Every structure is written in structure tokens, then in C-alpha cells.
Amino acid sequence: MDTALSTEVERFEASPASGGLPYVMHTDKYGLNSEHFKALARGEVRVIRVAAFANGPSCELISRGQASLGFEPYINVSEVRKIGMAFYETELKPELIERYFVVAREHLNDFRKACEPYGSPLDTLRGILDEIWPAGANLQTLFGRKMFVGLSRMVEPNTTFLAHHDIFSEDAPGIEEAESLLAQFAANIYFQVPEVGGELLMWHRNMTTEEFDRRRRGKYGIAVEDLPTPDVIVKPGRDDLLIFDSRKIHAVASPHDTARMAVSFFIGYRGDDQPLTYWS
């Protein structure tokens with residue numbers, strides 16, 4: 001492991017399900033650096049946990065602001081509610097792709113309004129990524145247009161969030177911007193978390209698209225009960241940021257007492273000398 005990863009604000013934590021192996025790495029927003037992303041890309045860690053990334057007092061205000069905007073189900077996943085439109089929802093249908101780009105700026109500004117009078121932690125993270133990555137970081141473009149970033153999501157109590165993987169090239173097959181990725185990460189900033197449930201669950205073994213499609217049986221994902229015990233289990237705290245390998249099969253344990261509310265996006269890696277890009 002690169003010694004640049006060993007700083008006073010960083011420590012490894014073995015997930016309860018990892019057999020003692022250090023798959024979760026801790027830092028704070030002032031210690032987050034390019035080596036964390038390189039370690040994720042190399043598969044040396046599964047999750048980077050950035051404690052207290054959001055301003056603690058702002059979390060309740062932001063979650064109320066999100067709720068006031070109104071969560072709606074995904075077009076193609078009725079069990080999960082969100083604000084904004086994920087590119088995954090377009091299924092490459094021309095009319096939905098056009099809708100995705102038309103509403104992108106509106107939804108981004110809606111989230112900023114939900115954060116007032118505090119600044120948007122999403123914008124803070126975007127700025128940090130550009131500062132710490134040598135080649136910079138920028139909003140992903142597709143078909144010559146800027147993509148949306150900042151999907152607000154709510155997982156309600158007793159809602160099943162199926163195990164799935166997020167792979168840009170499956171959402172946009174044959175398109176250079178998606179096919180050129182060497183790694184893809186998910187970034188979630190949490191504003192409300194349940195006391196019981198809501199953990200991030202991850203499995204190490206890669207699953208081919210063919211196997212995944214067979215095992216999900218027409219649904220968007222696989223029931224957690226149909227998989228082995230997760231290899232990594234991470235309980236996010238309110239105001240935490242988790243960054244993890246989205247190409248690995250992952251799920252969310254059902255919240256029991258209150259909804260889990262977060263804002264999320266993907267980060268694309270194309271090599272150490274290439275810019276990072278991000279989108280939702």
C-alpha cells in the first residue's frame with residue numbers, strides 16, 4: 001500500500017463480514033486525496049469513509065429541504081424514490097434522454113436551494129475532486145451535452161433495496177464516454193440515517209452481466225437473501241460521505257425506524273493521468 005495513504009486522519013477498519021481484512025478506509029474531507037481513488041481503482045480498498053463531510057447542523061435542514069421537493073419513484077424502479085433523473089432511467093430511449101438533459105440544471109439548482117442558507121456539500125465535493133486529482137475533475141458530457149449530477153434518494157423503512165451493480169457502459173453501450181472507464185465509483189453523502197438498518201452491503205466477487213440478468217429474474221437487482229453473506233458491511237453516519245466501487249454488487253439493508261436520505265453520484269476513472277468525471 002502506498003505510504004501516502006498513511007496519515008494521521010486515516011485508519012483502516014475491518015468490516016464485520018470481511019474476516020478481519022481492512023476493506024474500509026477512514027479519512028476526513030481535509031485528508032481526502034488522490035491516493036484514495038487510486039487505491040479504490042487498484043482494488044486495495046472497497047470503501048472510503050469520509051467522516052463528517054457535510055456540516056452537521058445542515059443535515060436536518062437539507063433532509064427537510066429534500067422532502068419538501070417531493071421524492072418520486074424511478075421510472076423503471078418503483079421501490080426506490082428520488083429527486084432528479086438518473087441516466088439509468090433513460091434506457092437509451094430518445095425521448096427520455098432528451099428529458100434527462102432538459103431537467104438536469106433544474107434539479108441541480110433545486111438541491112442547492114434545499115441546502116440554503118448552507119452551501120451545497122455536493123458542490124464542495126466537486127471542488128475537492130478537482131483540487132486533489134492531478135488532471136482535474138469535471139462534469140461528464142454525453143452526446144455533446146453536460147450530464148446531471150446530484151441525485152437525491154430516499155430509502156424508506158422496510159423498503160427492500162436489491163443487490164445490483166452500476167456500470168456506465170451497460171447504461172450507454174457502445175458509447176465512448178462510457179466504454180472508456182477503467183473504474184467507476186459511487187459517492188453518497190448522507191443527511192438522515194436510521195438507527196437500525198440502512199447499511200451499505202457489498203460483495204467482492206464480480207458478476208458478469210449475463211449471470212446478473214439471469215439471477216435478477218426480470219427485476220432491477222437480486223434479493224439479498226439469494227446471495228452469500230456480504231463481504232463488506234458499512235453503517236454510514238449522518239453527514240458521512242462514502243465512496244465505493246459501484247461495479248461490485250452492492251445493496252442497502254432495509255431501514256427500520258426512519259428513512260435513509262442521501263445525495264449521490266458516480267465518479268469515472270480512466271487512468272491516473274486522465275481527468276475524473278462525475279454524473280448521476
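What share of the contacts in the protein chain with a separation of 6 or more comes from residues 24 or more positions apart?

1. Such residues account for 74% of those contacts, where a contact means heavy atoms within 4.5 Å. The model is predicted: local features need pLDDT of at least 70, side-chain atom pairs count only at pLDDT 80 or more, and totals for chains, interfaces and linings use all residues. Residues are numbered from 1 along each chain as its sequence is written, and side-chain values use heavy atoms, with hydrogens and water left out.

2. The protein chain contains 7 helices and 17 strands; these are DSSP runs, helices being H or I of at least four residues and strands E of at least two, numbered from the N terminus. Its radius of gyration is 18 Å, close to the 19 Å of the globule rule for 280 residues, so the chain is as compact as a globular protein of that length. The radius is taken over C-alpha atoms, and the rule is 2.2 Å times the number of residues to the power 0.38.

3. Of the 280 residues, 56% are buried, that is, under 20% relative accessible area with a 1.4 Å probe, protein chains only.

4. H250 lies in strand β15, residues 250-252. With 5% relative accessibility, H250 counts as buried. Among the residues that H250 touches, leaving aside those up to four places away in sequence, are H164, W203 and F244.

5. The side chains of H250 and D166 are joined by a polar contact of 3.0 Å, a pair of N or O atoms within 3.5 Å; within protein, one must be able to donate a hydrogen and the other to accept it, and residues adjacent in sequence count only if both atoms are side-chain atoms. The H250 side chain also reaches the backbone oxygen of K248 at 2.8 Å.

Terms used: Buried < 20%, exposed > 50% of the residue type's maximum accessible area, 1.4 Å probe, protein only.
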